[in-house]
Amino acid sequence: MFADIWLVINKDIRIEWRSRVTLSQVVPFALTVLVLFGFALDANREVLAAATSGLFWLTVLFVAVVAVQRSTAIETADGARRALLLAGIEPSSVFVGKALAVAAQILGVEVLMVGGVLVFYDATVESLPLLLATCAVATLAIAASGTLLGALAAGVRARETVLPILLLPVLAPVLIAASRAFDDALGVVAVDGWAWLGLLAGFGAVNALLGALAYGPLLEET
Amino acid sequence: MSAGAVKTGSRTTRLLGFAVLVGVLALILLGFFGAPEDDEQRDAVRMIFVHVPSAFLTYTALVITAVGSAMWLWKRSRWWDIVAHSAAEIGVIFCGLTLFTGSIWGRPTWNTYWDWGDVRLVTTLILFLMLVGCLALRSAGGDEDAVATRAAVVGLLAAVNVPIINRSVEWWSNRTLHQKSSLTDGNLEDLTLFTLVVGIVVWALFFVWAMIHRFRIGWLERQLRAIDLETALVQRRAEASTESAGETSQ
């Protein structure tokens with residue numbers, strides 16, 4: 001099972017590395033959104049500082065939609081999905097592998113985005129462990145539900161528009177919890193960030209389990 | 001099949017429909033003229049006769065959708081898929097009604113249409129968006145079984161995530177304005193409470209009535225698709241046989 005998961009991660013990351021879509025398109029997209037938020041809030045330092053966590057995670061959600069669409073597209077093109085089914089790998093392993101590959105890409109973008117908010121929004125890091133843990137757990141949670149809904153939207157004709165309306169409402173708790181945990185990590189508001197992290201972990205576990213169970217029927221039928 | 005012969009009504013649904021009509025009339029009379037004004041909320045309290053039942057039925061619909069979805073994934077029974085679809089559709093209507101009545105009730109009572117601090121209101125809005133997404137997915141079309149499977153996964157996903165959304169919004173706001181459950185806090189006048197119970201019964205009857213009709217529409221739609229497919233097959237076969245007859249006669 002772990003070997004299969006590793007195979008799928010390896011495949012997706014290698015395709016990503018060779019096409020450089022994340023690096024050449026998703027990273028500039030994320031930074032553009034961060035800059036546009038600066039314009040929208042009239043470059044008001046106080047407002048930006050107060051809103052940094054929320055804006056950061058909202059941007060991550062947009063990035064996730066793009067990353068999931070990309071991860072799904074590489075399976076849809078040239079009937080790669082059929083090949084994946086024929087390869088005899090457990091659908092749950094494919095799910096975990098694809099989710100981890102998406103998570104790795106989003107994490108990569110997040111690293112650059114943290115740099116972005118430190119520079120553009122004057123943010124300061126108060127608790128690095130909490131910041132890193134939040135990024136890791138929230139990203140895994142986002143990748144799990146994203147990969148499930150991406151596979152689900154893959155067979156739909158209007159998949160580009162269907163995915164955001166399905167994915168974004170489901171991710172509402174992640175936006176709330178990750179933003180509050182970041183508030184603590186960046187020292188913006190005194191809240192218990194670790195408690196929020198627990199909620200994120202719960203969300204991630206539930207959605208990953210559902211994804212691993214439902215991925216098989218979805219892969220076969222759509 | 002003769003045109004206009006197929007209806008979704010039956011003796012039972014007509015009786016049920018009549019009961020709903022009578023019930024709504026009784027509810028209007030009780031709600032506007034029977035139940036007294038509230039000391040604090042004045043006339044706005046009358047909104048609960050629609051708001052509380054629709055909120056209750058929204059979550060009932062969500063549970064039915066989840067059960068129908070799980071049963072489709074497990075048994076592959078078309079019956080359950082149509083149940084899930086019908087419940088999701090009717091659930092969206094009740095969910096919209098809950099949000100709408102909640103907002104116009106909030107204006108005179110909280111002095112705002114929307115309160116971010118209210119856990120149940122915010123959770124219900126996100127549920128509304130998820131249900132709308134589920135229906136959008138169904139309307140996007142495609143292979144019948146695939147559509148049912150996709151919608152079932154989204155239905156289950158919505159039901160599973162609602163408690164988590166509720167919890168996150170609760171922690172986040174931590175300052176809920178929403179009054180405690182109107183039925184259990186014991187502050188309601190007797191006649192108001194009675195009217196509320198009548199409201200729940202009437203709207204629940206309407207829910208059942210709408211479910212039966214919507215289910216039958218779904219069932220007929222499915223039969224229609226099957227008939228269309230059969231007709232098309234018969235036509236193609238007929239074409240093929242005339243062509244081959246033409247070839248042999250040549």
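Guide: The expected span of a helix is 1.5 Å times one less than its number of residues. The model here is a predicted one.

Visitor: What span should α9 of chain A have, and what are its ends apart?

Guide: Helix α9(A), residues 193–221, has 29 residues, so at 1.5 Å a residue it should span 42 Å. Its end C-alpha atoms lie 41 Å apart, which agrees.

Visitor: Where does α9(A) bend?

Guide: At Ala214(A), by about 40°. A proline, Pro217(A), follows within four residues.

Visitor: Switching to the interface. How many residues of chain B are in contact with chain A?

Guide: 26 residues of chain B, and they touch 25 residues of chain A. On the chain B side, α4 (119–139) and α5 (144–173) each supply at least two residues. The largest share comes from α5(B), with 16 residues.

Visitor: And by class, what is on that side?

Guide: The side of chain B that touches chain A has 17 nonpolar residues, six polar and three charged.

Visitor: At what angle do α8(A) and α5(B) pack?

Guide: About 35°, with the axes of α5(B) and α8(A), residues 172–185, 9 Å apart. The crossing of these two helices is left-handed.

Visitor: Which residues meet there?

Guide: From α8(A): Ala172(A), Pro173(A), Ile176(A), Ala177(A) and Arg180(A). They meet Ile164(B), Ile165(B), Ser168(B), Val169(B) and Trp172(B) of α5(B). That contact divides into eight nonpolar residues, one polar and one charged.

Visitor: Now inside chain B. How do α3(B) and α4(B) cross?

Guide: At roughly 145°, with the axis of α3(B), residues 78–110, coming within 9 Å of the axis of α4(B). Here too the crossing is left-handed.

Visitor: Which residues are involved?

Guide: On α3(B) they include His85(B), Ala88(B), Val92(B), Cys95(B) and Leu99(B). On α4(B), Leu121(B), Phe128(B), Leu131(B), Leu135(B) and Arg138(B) are among them. Twelve residues of this contact are nonpolar, six polar and two charged.

Visitor: What about confidence: which element of chain B has the lowest mean pLDDT?

Guide: α5(B), at 85, while helix α2(B), residues 48–75, has the highest, 92. For chain B overall the mean pLDDT is 84, and 88% of its residues reach 70 or more. Where pLDDT is low, the predicted coordinates should not be read in detail.

Visitor: What ipTM does the predictor give the complex?

Guide: An ipTM of 0.84, along with a pTM of 0.84.

Terms used
Residues are numbered from 1 along each chain as its sequence is written. Chains are lettered from A and ligands numbered from 1 in the order in which they are written. This is a predicted model: local features need pLDDT of at least 70, side-chain atom pairs count only at pLDDT 80 or more; totals for chains, interfaces and linings use all residues. Two residues are in contact if their C-beta atoms, placed from the backbone, lie within 7 Å. Ala, Val, Leu, Ile, Met, Phe, Trp, Tyr, Cys and Pro count as nonpolar, Asp, Glu, Lys and Arg as charged, and the others, Gly among them, as polar. Axes are lines fitted to C-alpha atoms, for helices over the stretch in contact, and angles run from 0 to 180 degrees between N-to-C directions. A crossing is left-handed if the near helix is turned anticlockwise from the far one by less than a right angle, and right-handed if clockwise. pLDDT is the predictor's confidence in each residue, from 0 to 100. The bend at a residue is the angle between axes fitted to the seven residues ending there and the seven starting there.
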